[in-house]
Each structure stands twice: as C-alpha cells, then as structure tokens.
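Trainee: Before I use any of the labels attached to this model, could we go through them one at a time and set each against its definition?

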Amino acid sequence: MAHHKHNEVRIAYDGYFGYCGVRDEETGGEFTVDHFVPTSQGGDDAGENLVYCCFRCNLYKADFHPNDVDQADGHVLIHPLQPDRSNHVLMKHREGRLDPLTETGRFHIALLHLNRPALVAYRLQKRLVELRDARRLLLIGENRELQAIIAAQQTYIRRLERLLDREASE
C-alpha cells in the first residue's frame, strides 16, 4: 500500500528518487516513500523525514539510522535534500560511478549500493543522451552560421554579377 503522502513527496522530489537520482518516469520499478529516520527509531511523517525512493534503495537502507558510534565513524546517510552532498560524493561522468570523498560518502555509497551495475548503466546512458543533445545544439548553431555565410556569399556573388553585367554593357 502506498504511503498516504506518496504524491506530496513525489512532487517535493520532482519525480527523482532521492538516494539514487533516477527519475521515476524512466523506470518500470516500484516507487516508495522512505522514512529517513525510521519510524522504529522515532521518525515521523513530517515532510523533511520522507524520501521519495526506489524499492531497491529503500530495501538496502532498511531501518538504518546511525547511533553515536556510527556518527563518530562517519557512518551516516546523506539526506538527499541537503546541499552538502557534493562534499562527500563525486560523480565520475566518464565511468558512471560515484566516488567517495569522505568516509561518510563511502558509507553512503556502500549502504545504498549506489554503484550497482544497473545504476552505472543508467548514468552512462543518461550522460550519453546529454552529450548527444549538446552536440546536436552545437551542430544547429554551426548550421545557422554556415547558412548566414552562404547567404552573404550569395549576396556578394549577385553584386559581382551586376558589376560584370555593367562592364559588359559599357
């Protein structure tokens, strides 16, 4: 059964899964709402505690919530809406992999299996589409520039032809 705030959480995450970053429209999988702080550990249904995620990430996270020892060791999850994620995790676009920058990043990636083959393939495919679209836009721009050059050359040719016609008639 879907969480009663499923649609509200989906909108807050703009349809992207909070942990793995996959867009729900691009998958045929199940979508869930995770309690960042599990209800078994005192978490509630407040908006900031709810994470829109795929079934696998929710399964891997389970009811993890760091205790004092975990926190001291940097074994914590990075909340998807926190802006400091890039301090802990680096996207390697050419490889489609996430690399840890800190122990927290390493733990986050490992716990959620964020370099699982399907996610790496997804990221590579997404990057390929981004690069293809960027190249297409560049080619459109180059095509416009070439068309402008051709139009200028045609104007110049017509001017030269008129000059030649004048000289021939004199």
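This is a predicted model: local features need pLDDT of at least 70, side-chain atom pairs count only at pLDDT 80 or more; totals for chains, interfaces and linings use all residues.

Trainee: What makes the chain more spread out than a compact globule?

Mentor: The chain has five helices and four strands, which run α-β-β-α-α-β-β-α-α from the N terminus on; helices are DSSP runs of H or I with at least four residues, and strands are runs of E with at least two. Its radius of gyration is 27 Å, well over the 15 Å that the globule rule gives for 170 residues, so the chain is called more spread out than a compact globule. The radius is taken over C-alpha atoms, and the rule is 2.2 Å times the number of residues to the power 0.38. Along the principal axes, the C-alpha atoms fill a box of roughly 100 × 35 × 25 Å.

Trainee: Why is the pair of Phe17 and Phe31 called tilted?

Mentor: Rings of Phe, Tyr and Trp (its six-membered ring) pair if their centres lie within 6.5 Å, and planes under 30 degrees apart count as stacked, over 60 as edge-to-face and the rest as tilted. By this rule there are four aromatic pairs. The centres of Phe17 and Phe31 are 5.6 Å apart and their planes stand at 40°, so this pair is tilted. Phe17 lies in the loop between α1 (6–12) and β1 (31–35), and Phe31 in strand β1, 14 residues apart.

Trainee: Why is Phe17 called buried, and what is Phe31 called?

Mentor: Buried means under 20% relative accessible area, exposed over 50%, and partly exposed in between (1.4 Å probe, protein chains only). Phe17 has 3% and is therefore buried, whereas Phe31, at 31%, counts as partly exposed.

Trainee: How do you know that the pair of Phe64 and Phe107 is tilted?

Mentor: Phe64 and Phe107 are 5.2 Å apart, centre to centre, with 50° between the planes, and this makes their pair tilted.

Trainee: Why does Tyr156 count as partly exposed?

Mentor: Tyr156, found in helix α5 (residues 117–169), has 42% relative accessibility and therefore counts as partly exposed.

Technical notes: Residues are numbered from 1 along each chain as its sequence is written. Side-chain values use heavy atoms; hydrogens and water are left out.
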